[in-house]
Amino acid sequence: MSVAVVFSGQGNQHPAMLPWLHDDALLADMRARLRVPDWRAALADPAWARMNAHAQPLITATALAAWSRIEPLLRAASIEVDGLAGYSVGELAACSAAGVFAADEAIRLAALRAALMDEAALARPGGLCGVTGLAAVNVESVLRDTPVSIAIRNGEDSVVIGGPLGAEGLDAAEAALAARGARCTRLAVSIASHTSLMRAASEAFAASLLDVDTQTPVLPLFDSDGNRSWNAERVRAGLSRQIAATVRWDEVMDQLAARGPSCVLEIGGGQALARLWQQRHAAIPARSADEFRTLDGVLAWIGRCAA
């Protein structure tokens, strides 16, 4: 009996997420860092929830608080963790869950990552756009010789593109892709994450990681290129690289699927990663911990998958 665990990225956090998650020392530390008495109430304000400085540490803290409740139950039930991965900022939670660094360090790094990305965006503003209905290879062809690039690969015909705003950037790219039959949805962000516009943030984060006490993963851990992170050096390289390079989530899913887990559990707000998984690997069931009202429900579902 085994499970692969994936940690959500930014964008689907909501006030009622993970209803069985109650306050603990980790969440108390996060509330103090963000200066909010109630993180669920704070998430009810969309403007507050969208800010990088709030969202990234909150997503990391809630994911790791949830993991601290789930992991002992998996161990007690002899359920093996087949692999760990995280989507964008979720990679910090995955690294901590794999024993690379402590949970409080992951939250600190999430806050630093957000600050560096915000600083880079002030110098080089940009945005993101979801593109579906057109093969990724054709999207790449349209974007060739433009300042816009693929930021995230989610599937054969599902990507996120990113680049500078305006007529020479995302506006032109969206028009060209729509003319080829693609569906384009501009995302409510002001940062072109996972593109070259974030190069300064990537380099600064890499320098900061050199001072972090980073351990070899004790569980199978995969970076945003779909490569297994065997040692601390690979972890640091992956965490900094993904800020300014394409996240190949399609390949991450393929690598996890190749390990043959009984099921896949997403930890975070919403069900975006579970849905992406089911579109690509329907034979292996996937659900989000956010779908369950209790932890017992999470464990019961994993048990049924392995039966």
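In what order do the strands of the open sheet of five strands lie? The order is 6-3-5-4-7, and the pairing is mixed. The edge strands are strand 6 (183–186) and strand 7, each of which pairs on one side only. The model is predicted: local features need pLDDT of at least 70, side-chain atom pairs count only at pLDDT 80 or more, and totals for chains, interfaces and linings use all residues. Residues are numbered from 1 along each chain as its sequence is written, and side-chain values use heavy atoms, with hydrogens and water left out. Helices (H or I, at least four residues) and strands (E, at least two) are DSSP runs, numbered from the N terminus. Two strands pair if DSSP finds at least two bridges between them.

Strand 4 has partners in strand 5 and strand 7. With strand 5 (residues 158–163), the pairing is antiparallel over five bridges. The two strands form a hairpin, with two residues between them. With strand 7 (residues 247–248), strand 4 pairs in the parallel sense over two bridges. R153 takes part on both sides: its bridge partner in strand 5 is V159, and in strand 7 it stands opposite R248.

Helix 8 lies across strand 3, strand 5 and strand 6, at about 155 degrees to strand 6. Axes are lines fitted to C-alpha atoms, for helices over the stretch in contact (heavy atoms within 4.5 Å), and angles run from 0 to 180 degrees between N-to-C directions. Helix 8 (residues 170–179) contains A176. The C-alpha atoms of A176 and V142 are 7.0 Å apart, with the residues 34 apart in sequence.

A further open sheet has four strands in the order 2-1-8-9, with parallel pairing. Its edge strands, strand 2 (80–86) and strand 9 (286–288), each pair on one side only. The twist averages 20 degrees from one strand to the next. Strand 1 (residues 2–7) and strand 8 (residues 263–267) run parallel and are joined by five bridges. Here V6 stands opposite E266 in strand 8. Helix 11 (residues 249–258) packs on the sheet and touches strand 1 and strand 2, its direction making about 175 degrees with that of strand 2. Helix 12 (residues 272–280) lies across strand 1, strand 8 and strand 9, at about 170 degrees to strand 9.
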